[in-house]
Amino acid sequence: MGSALLASRRLRLTAVLTVAALLVLVAGPAVANVPLTRASRDTFTNSSSQHQTEVEPDTFAFGNTIVSAFQVGRFFDGGGSAIGFTTSTNGGTSWTSGFLPGITKFHGGGLFDRASDPAVAFDAQDNIWMISSLALSEAGGVHGAAVVTSRSTNGGLTWSNPVTTATGSNLDKNWIVCDNSASSPFFGNCYTQFDDNAAGNRMKMSRSTNGGSTWGPALNTGDAAGGLGGQPVVRPNGTVIVPFQSNSGQIRSFRSIDGGASWRATVLVSTIQAHTVAGGLRTSPLPSAEVDAAGTVYVVWQDCRFRSGCTANDIVMSKSTSETTWGPVTRIPIDATTSTVDHFIPGIGVDRNTSGASARIGLTYYFYPNRSCTAATCQLDVGFISSANGGTSWSAATQLAGPMTLSWLANTSQGRMVGDYISTSIRPGARAFPVIAVANAPSGGLFDEAMYVPTGGLGIAGGARRAVAGPVLASSSAGRLAATGLGLGGTAR
């Protein structure tokens, strides 16, 4: 009787998967726990980079439109052959993909050799979508020669040649955001963050007041801080807050209260305590940040403080309502601290129409079921968890994709790669849409690593799993060790 029931369930599952395959353009890997739609494909053929590879996606949602951008055709020592995009204008029902023109020599007549680190924003005042990218030059070694901004005036379906945001000898890890609060005194301002490796990873900020057409000078923080991976968010009152990973192994933040005319000194969010991820996978405790309707800022990163001996990373979160102080670090309860699971590369999304005890949060992340695996044995998965009460409690976790073998991923000088960051976007009152790098086994000498999106998005269910603030078990020395990791003192491209 038991075997008959199992066979019946298998037949029903096969039927569901067959119907799903007919409904989407390209179905995701068969082992995914939710249906996935393949959103893009690497079509480049230059022999200098690894093909059928797409890595490091960011997403942004506004109204019914969702835009994602990512690297395509990853080079071993930095960047990709182009920046790809995929756009849905109907709330995630269907997707249009392509490549940004005019950045690299491989597409649209660009002048640069490679491109990296795309991030997406929308300017509601001017109805313009923007993608910020790092343009790389191979002269004298691979360097970030410019931060550039591509603009779309038709809902992210086509893009202009880029405008220059900033130039330098060795720039890195840019991010972009716009002030979309109509009540803000700086409504329509857009802000780009990046760091200057040639000046000790000095954090820089540039602003645009004309829809990204031109950009002002790059300004330092008030204390000339150095770090990596800043993610600016804008509160409804127009204050810009930028969490980042500092050179000293901390998550810190800084702000502007005058529309980006100047930037204050940094403040401490928390010291990082990070477990080294097995298998040589490329990861770092870079922050992922979002803001809710009341201006509460949420920042998450990978951290081992709740594991005795720092044996594995959890995803942890801190919140700020005051702009200058941050709340306690809480552990997002994906699984027990006694488990063997290692969690990393988080991307948080917040429904911008909700706030406080009703804030809807979605969190996507990668994980290993076994933290003690090796490069040959590690099995990489993608997970998702949600909260409907501002992170006080959480749903059960859902596996989105995997398992993936590390050799299926693009290889880089800093390890196998899905991305230094990912993100999650939540449509107001609706579903969450992460765009994620998912790999299948290589075939014919080519990789099969591409961008996928959960078909129809993911529900924000919430649940009874309580976030916890202690006890803290790992030592602070783990944070100091983490400061020598990805990009700090070098490059993260």
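**Stop 1: a buried charged pair**

Select Asp314 and Arg331: both are buried, meaning under 20% relative accessible area, with exposed over 50% and partly exposed in between (1.4 Å probe, protein chains only). This is a predicted model, in which local features need pLDDT of at least 70, side-chain atom pairs count only at pLDDT 80 or more, and totals for chains, interfaces and linings use all residues. Residues are numbered from 1 along each chain as its sequence is written, and side-chain values use heavy atoms, with hydrogens and water left out.

Show the side chains of Asp314 and Arg331. They meet in a salt bridge at 3.1 Å, N to O. A salt bridge here is a side-chain nitrogen of Lys or Arg within 4 Å of a carboxyl oxygen of Asp or Glu. The pair links distant parts of the chain, 17 residues apart: Asp314 sits in strand β20 (residues 314-320) and Arg331 in strand β21 (residues 330-331). Strands (E, at least two residues) are DSSP runs, numbered from the N terminus, as are helices (H or I, at least four).

Why does Arg331 count as buried? Because its relative accessibility is 6%.

**Stop 2: other salt bridges**

Select Arg305 and Asp303. Their side chains form a salt bridge at 2.9 Å, N to O. Both Arg305 and Asp303 are buried.

Next, select Glu56, Asp117, Lys173, Arg282 and Asp420. Salt bridges link these residues in a network. How many salt bridges does the structure hold? There are 16.

**Stop 3: the sheet with β10**

Select β10, β11 and β12. These 3 strands form an open sheet in the order β10-β11-β12, with antiparallel pairing. β10 and β12 (202-208) are at the edges with a single partner strand each, so one side of each has no neighbour in the sheet. From one strand to the next, the twist averages 20°. Two strands pair if DSSP finds at least two bridges between them.

Zoom in on β10 and β11 (residues 190-196), which pair antiparallel over 6 bridges. Trp175 stands opposite Gln193 in β11. Val177 has Tyr191 in β11 as its bridge partner.

Then turn to β11 and β12, antiparallel strands joined by 7 bridges. Thr192 stands opposite Ser206 in β12. The hairpin of β11 and β12 has 5 residues between the strands, and there Gly200 takes a positive phi near 70°.

Is β11 mostly covered or uncovered? It is mostly covered, with 7 of its 7 residues buried. Cys190, Thr192, Phe194 and Asp196 point one way from β11, while Tyr191, Gln193 and Asp195 point the other way.

**Stop 4: the largest pocket**

Select Phe60, Val177, Glu290, Val291 and Arg352. Of the 32 residues lining the largest pocket, these lie nearest its centre. The lining divides into 16 nonpolar, 10 polar and 6 charged residues. Strands β2 (54-62), β10 (171-178), β14 (233-234), β18 (288-291) and β27 (424-426) each supply at least two lining residues.

A pocket is an open set of points on a 1 Å grid over the protein atoms alone, where a 1.4 Å probe fits, with protein on both sides within 12 Å along at least five of seven lines; lining residues have an atom within 4 Å of a point.

Technical notes. Nonpolar A, V, L, I, M, F, W, Y, C, P; charged D, E, K, R; others polar. Axes fitted to C-alpha atoms, helices over the stretch in contact; angles between N-to-C directions.
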